[in-house]
Structure formats: structure tokens, C-alpha cells
Amino acid sequence: DTMRRVVRQSKFRHVFGQAVKNDQCYDDIRVSRVTWDSSFCAVNPRFVAIIVDASGGGAFLVLPLHKTGRIDKSYPTVCGHTGPVLDIDWCPHNDQVIASGSEDCTVMVWQIPENGLTLSLTEPVVVLEGHSKRVGIVAWHPTARNVLLSAGCDNAIIIWNVGTGEALINLDDMHVDMIYNVSWNRNGSLICTASKDKKVRVIDPRKQEIIAEKEKTHEGARPMRAIFLADGNIFTTGFSRMSERQLALWNPKNMEEPIALHEMDTSNGVLLPFYDPDTNIIYLCGKGDSSIRYFEITDESPYVHYLNTFSSKEPQRGMGFMPKRGLDVNKCEIARFFKLHERKCEPIIMTVPRKSDLFQDDLYPDTAGPEAALEAEEWFEGKNADPLLISLKHGYIPGKNRDLKVVKKNILDNKPAGNKKSDLINAPKKAGDASNPQNEAKLDEILKELKCIKDTITSQDERISKLEQQMAKIAD
């Protein structure tokens with residue numbers, strides 16, 4: 001029995017990590033030097049976004065995945081913030097929409113053109129203003145369309161309806177100290193946070209109450225992280241009193257003692273956890289480390305099983321993690337990281353070696369697809385829904401994304417909000433409905449003006465051709 005424990009059977013024991021060749025990296029990028037513990041990079045099946053150094057404001061690059069090689073210094077950026085960008089997050093339900101939080105105390109939501117940027121983007125679709133200090137965390141809701149969470153150094157968490165540009169929930173009295181990170185659970189009904197006061201809190205955002213908390217989750221003073229796992233347990237990383245890096249597993253229903261607690265090493269980089277709910281693997285990337293360690297979480301002791309370490313020479317400044325639908329299932333790729341160096345971004349591909357060319361359904365259970373399970377209003381009214389799953393059997397083919405529309409509500413309009421579908425990333429275009437008389441009058445006016453302009457153009461055309469004939473005669 002002890003022998004069986006030592007060598008545990010797992011299909012992920014031989015996960016093999018490999019950095020891509022040089023020509024498949026993104027080169028000559030000035031990665032941001034802001035001292036902030038976010039990952040500085042966000043990826044999805046279409047684009048990789050990287051926070052970069054920018055003079056006089058905040059900017060990030062958005063590159064189509066295929067745009068590898070040297071990136072020209074004049075390559076367009078997303079640059080509407082007036083202070084450095086601290087965090088970015090792609091919308092899980094629209095691969096062309098990205099949110100950014102900045103030192104300028106605002107959150108901005110951007111629509112990226114389908115084939116990437118040809119000009120710098122300075123106009124966000126919507127600016128969300130409500131924080132009084134810099135905004136260091138942005139995180140989209142996993143299953144409800146247009147619901148975005150932001151957390152700032154004012155120790156407040158705000159949950160926005162991006163479709164209307166409104167702050168609908170403001171949790172500003174739950175944290176007495178800086179919030180290190182916020183994580184949604186699988187269906188987005190709860191969030192968990194790790195804070196500088198060494199507490200991990202589990203919060204029901206709609207009831208605005210803390211439903212579980214643990215003091216001194218990790219004894220050390222350096223930053224912690226806490227994330228929800230698919231089964232509802234919480235995984236944390238932090239430091240012991242002796243400054244050793246630790247990882248722990250908790251059951252939110254009983255936070256007295258951890259389910260598991262492991263010491264790792266004495267390095268001082270903050271561990272960023274990236275979690276794959278389909279395989280239950282957690283990848284730990286330390287800022288300033290040159291390795292990625294990965295662990296499998298199971299329900300048998302010791303619960304957190306070390307699998308392996310991917311090591312390289314260069315330390316990482318930040319890291320992006322590709323959603324499952326962006327991976328190459330034909331190569332048995334189970335994870336792809338985008339590692340930031342000082343001057344470049346290097347993809348690292350994790351595969352499970354298999355001899356067969358057939359689709360490996362044990363590696364690829366159905367995964368969260370790009371369709372939202374709920375509208376924003378339904379979630380704010382109290383509904384929950386699990387992610388809508390898709391099969392990856394034939395690979396993921398991105399569909400066409402609809403544009404993000406923001407409908408500003410009329411403050412004078414005091415009708416009950418319940419029957420308003422104002423969230424419009426994917427709603428039918430009711431905004432341009434010309435049913436009321438006001439709109440019809442406007443339309444008539446516009447049509448008249450257009451007719452006028454057309455008439456003017458026609459008469460000018462005639463005049464020009466006459467003048468040309470006269471000129472020709474004079475020249476003859």
C-alpha cells in the first residue's frame with residue numbers, strides 16, 4: 001500500500017513542457033515595470049494582450065496570436081488610461097472585449113477590431129468610474145454576460161453591469177486592508193478574496209455578506225493568493241512565518257484547519273496560481289522564478305499531489321494562461337502559458353505525450369464555451385447558472401463576436417428596471433427602434449437633409465462639368 005502511495009497513478013505525471021522556437025515568440029516588447037503583482041498578460045483564442053511601459057499614461061499591446069516575431073516600436077497600443085495599467089482581463093463571452101484597471105482610478109472596457117489594431121485605440125466602449133484609488137484587479141463573471149468585478153486600493157470591490165455602465169454592487173466595508181486578489185467560483189455565485197490582513201474571505205456579493213473567513217491563512221507577511229476550485233474548495237498560496245512559500249487547500253464550510261498544507265521553498269516571489277477546472281491541475285508561476293510547478297488536486301490524501309516542474313533559464317515578469325478552447329487538441333496540449341521576459345513574450349506549451357492520433361477525451365472533457373449562461377440582469381436578480389460547456393472534439397472554431405453596446409439609462413426614466421433588457425453585447429438591436437414619434441420626426445429630418453445634400457452634389461457636378469468644358473475651349 002505504501003508503494004502505491006509513493007508512485008501514484010495519474011495521466012498527468014508525464015506532462016511535458018516546452019518553450020516554442022524563437023521565431024514563434026513576440027519580440028522587442030517593453031514589458032511594464034510597474035511594481036504590482038498581477039500577471040501583466042491576458043490571452044484568449046484570438047489575441048495576446050500585454051501591459052507595456054508607456055510614457056505619460058498607461059497602455060497595453062493587443063496582438064493577434066499569429067503576429068509573432070519582432071514587434072515594431074510603432075505598433076499601435078490601447079492607450080486611453082492616464083496612469084499605468086495594472087491589470088487586464090479578456091471577457092470570457094466575447095473574444096474581442098477586454099477590461100483594464102489602472103492607477104488613474106478607472107476601469108475601461110475596450111472593443112478590439114476582429115483582425116487586431118491598425119491604429120492606436122484611445123476610445124473605450126465604456127469608462128467605469130467609482131473607485132477613489134488605483135484599480136489593481138479586474139475579473140469578468142464566469143457565466144453572466146457583461147458582469148465585471150473590479151477591486152481597488154480603496155479596499156472596495158465594485159461589481160458593474162458593463163451593458164449599462166452602472167455600478168450595481170459596492171462592497172466597500174468588508175476589507176480593512178489591501179486586497180491581493182479576487183476569484184469567482186465556478187458559477188459566479190460567490191467570490192473569495194485574499195487580503196493584506198492575512199485573511200481569506202468568502203463573500204456572497206449579491207447578499208453583500210461574508211459567509212466564511214479564515215484569519216492568518218498563511219502566517220507570513222508577504223502577499224497571498226486565494227482561488228476557488230471547481231468543487232467549491234479554496235486553494236491558497238502564501239508564506240510561512242519563516243518566509244517559506246506555502247500552498248494550502250481549504251473547505252469554506254469549515255475553515256478551522258486546512259485540508260492540506262505544503263511548504264515549498266524559500267524564494268520570495270509571489271506565487272500566481274493558474275487553475276484548469278477540467279483536469280483539476282494547478283500551475284504555480286512565481287514572479288521572478290524561472291519555473292512553473294504543477295500539482296493535481298484530488299479527493300484522496302494528500303489531496304495536493306506534486307506532478308512536475310517546468311524549468312527554464314530566464315525569470316518571468318508575468319504570465320498569461322490560455323483558456324482551454326484555445327489549445328491544440330490534436331497535439332494533446334493541455335495548457336499554454338505566455339511567459340513575459342524583460343523584452344519578449346514566450347509561449348510555453350504543456351502536452352501529455354500520447355501515441356495515438358485520436359481525440360483523447362479523457363484529457364478534454366467538455367469545457368466552458370464562449371456563450372454566457374445568464375444575462376446580467378438575471379444574475380443581479382439572484383439567478384445562478386453553471387458555464388455552458390462545449391466539446392473540443394473537432395477543435396474550437398471561434399464564431400463571430402457581436403459588438404459590445406452600452407446603453408446609458410435615462411435617470412429621469414423611473415420605470416421599474418425589471419423589464420429592461422439593457423445589456424446588449426448579444427441582445428437584438430432594439431436601441432435603434434424607430435417606433436416612437438420623436439425618433440420618426442428625427443428620421444424624417446435626417447432624410448430631408450440627405451436629399452438636400454444629394455441635390456447640392458448633383459448641381460455642383462453639373463457646374464463642374466460645364467466649367468471643365470469652358471476650360472477645354474479656352475485651352476483650344
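Me: In which helix is Asp444 found?
Reply: In this predicted model, Asp444 is found in helix α3, which covers residues 437-475.

Me: Why is Asp444 called partly exposed?
Reply: Its relative accessible area is 46%, and the class of partly exposed residues lies between the limits of under 20% for buried and over 50% for exposed, so Asp444 is placed in that class.

Me: What makes Glu440, Asp444, Glu445 and Glu449 a negative surface patch?
Reply: Asp and Glu count as negative, and a patch joins like charges within 9 Å in residues that have over 30% relative accessible area and no salt bridge; for Asp444 the area is 46%, and together with Glu440, Glu445 and Glu449 this residue forms the patch.

Me: Is Asn146 buried or exposed, and how do you know?
Reply: Asn146 has 0% relative accessibility, and because buried means under 20%, Asn146 counts as buried. Asn146 lies in the loop between β12 (135-140) and β13 (147-152), where its phi is positive, at about 70 degrees, although the residue is not a glycine.

Me: What makes the phi of Cys105 worth a remark?
Reply: Most residues other than glycine have a negative phi. Cys105, in the loop between β9 (97-102) and β10 (106-111), is not a glycine, yet its phi is positive, near 75 degrees.

Me: Why is the peptide bond that joins Ser301 and Pro302 called cis?
Reply: The bond is called cis with an omega of about 0 degrees, and Pro302 is found in the loop between β26 (291-297) and β27 (304-311). Most peptide bonds are trans.

Terms used
Residues numbered from 1 in each chain as written. Predicted model: local features only at pLDDT ≥ 70, side-chain atom pairs only at ≥ 80, totals over all residues. Heavy atoms only, no water. Patch = residues over 30% accessible without salt bridge, like charges linked within 9 Å, V, L, I, M, F, W, Y side chains within 5 Å. Areas by Shrake-Rupley, 256 points an atom, 1.4 Å probe, with all protein chains shown as cover. Salt bridge = Lys/Arg side-chain N within 4 Å of Asp/Glu carboxyl O. Charge placed at Lys NZ, Arg CZ, Asp CG, Glu CD. Helix = DSSP H or I, 4+ residues; strand = E, 2+ residues; numbered from the N terminus. Buried < 20%, exposed > 50% of the residue type's maximum accessible area, 1.4 Å probe, protein only.
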